[in-house]
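Here is a short report on a ligand and the residues that surround it.

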Amino acid sequence: MAIPYAHYEQSAAYIRERLNGFIPKVALILGSGLGPIGDLVEDAVVVPYGEIPHFKTSTAPGHRGRLVFGTLAGRRVAVMQGRMHHYEGYSYEDTVYALRVLRLLGCDTLIVTNAAGCANPDWHAGDLMLITDQIKLFSESPLRGENLPEFGTRFPDASYLYAPRLREIARTAAAEQGVLLREGVYFYCYGPQFETPAEVRAARLLGGDAVGMSTAPEAIAAAHCGMETLGFSMLTNMAAGLQDHPLSEEEVIETGNAAREQFTRLVLGCLERL
Ligand code: HPA
């Protein structure tokens with residue numbers, strides 16, 4: 001069922017009251033294992049998802065389920081520590097609900113991050129990838145159903161889901177910090193099972209470099225409501241069939257932890273340049 005626009009407004013009104021006039025500009029969605037970036041926010045106002053009218057909670061491991069507002073690298077941010085995934089049972093509309101509320105609060109830029117499997121055989125587990133584009137062919141759109149014109153048009157353009165201007169900023173930040181930043185296409189798979197080796201080969205044939213279970217719906221909704229998006233994948237493991245052992249959540253978490261510091265520096269470097 002379509003979520004009425006009034007719900008988004010009511011969620012935003014509740015949060016606005018907690019913010020005492022603070023208006024966030026950059027929304028950050030932090031994926032698996034990346035939530036600690038939110039702990040660096042200065043003068044933080046923390047709002048748990050469970051307190052906000054109409055909000056969903058995030059149930060995935062490592063997703064704390066709260067919004068953190070404040071200043072990070074000199075920018076006014078709204079950090080989602082934990083996101084809502086389709087595999088948790090949420091509709092695609094639900095998965096982008098929080099992001100749309102952040103848009104109503106004032107955010108016009110999105111930095112979205114995730115943990116993903118590496119489908120490019122020339123790269124390595126632990127590499128960081130700048131998302132240049134995405135493929136989300138086999139699942140419905142978060143914009144399906146009645147269009148909410150308060151957010152955007154019925155048929156939004158998707159030529160530049162990941163803004164070229166922001167990608168250039170990311171390249172500059174990575175070069176300055178000596179961080180190796182791959183660039184590639186994020187191939188969305190809805191999970192929660194990891195992909196089969198045949199699915200990874202198919203993703204590769206179609207042009208994917210990374211496979212993952214989030215981000216793509218959010219990038220679509222962000223474009224629809226006029227936000228610019230910068231996206232990063234932390235490639236926590238070689239995707240199924242590209243390594244000689246079964247995938248596990250533990251492996252994803254371990255590699256994620258090892259690459260986290262570098263990843264945090266990169267995100268902060270991008271924020272400084274926005
Ligand atoms: N596939 C999908 N999602 C993931 C993976 C993967 O291999 N690794 C971390 N998140």
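Asparagine 237 reaches the ligand with its side chain: an N or O atom there is 2.7 Å from a nitrogen atom of the ligand. The model is predicted.

| Residue | Part of the residue | Distance to a ligand nitrogen |
|---|---|---|
| Asparagine 237 | side-chain N or O | 2.7 Å |

How much of the ligand's accessible area does the protein cover? On its own, the ligand has 260 Å², and the protein covers 94% of this.

Now take the shell around the ligand. Its residues include Phe194, Val211, Met213, Leu247 and Val252. Sorted by class, seven are nonpolar, four are polar and one is charged. Three strands each give at least two shell residues: β5 (109–118), β8 (210–212) and β9 (228–238). The largest share, three residues, comes from β5.

Next, aspartate 127. This residue sits in the loop between β5 and β6 (128–135). Is aspartate 127 buried or exposed? Its relative accessibility is 11%, so it counts as buried; the cut-off is under 20%. Its side chain makes a polar contact of 2.9 Å with the side chain of arginine 182. Leaving out residues up to four places away in sequence, aspartate 127 touches Arg182, Leu180, Ser233, Met234 and Leu235.

Notes. Residues are numbered from 1 along each chain as its sequence is written. This is a predicted model: local features need pLDDT of at least 70, side-chain atom pairs count only at pLDDT 80 or more; totals for chains, interfaces and linings use all residues. Side-chain values use heavy atoms; hydrogens and water are left out. A residue is near a molecule or strand if one of its heavy atoms lies within 4 Å of it. A polar contact is a pair of N or O atoms within 3.5 Å; within protein, one must be able to donate a hydrogen and the other to accept it, and residues adjacent in sequence count only if both atoms are side-chain atoms. Accessible areas come from the Shrake-Rupley method with a 1.4 Å probe; for residues, only the protein chains shown count as cover. Helices (H or I, at least four residues) and strands (E, at least two) are DSSP runs, numbered from the N terminus. Ala, Val, Leu, Ile, Met, Phe, Trp, Tyr, Cys and Pro count as nonpolar, Asp, Glu, Lys and Arg as charged, and the others, Gly among them, as polar. Buried means under 20% relative accessible area, exposed over 50%, partly exposed in between (1.4 Å probe, protein chains only). Contact means heavy atoms within 4.5 Å.
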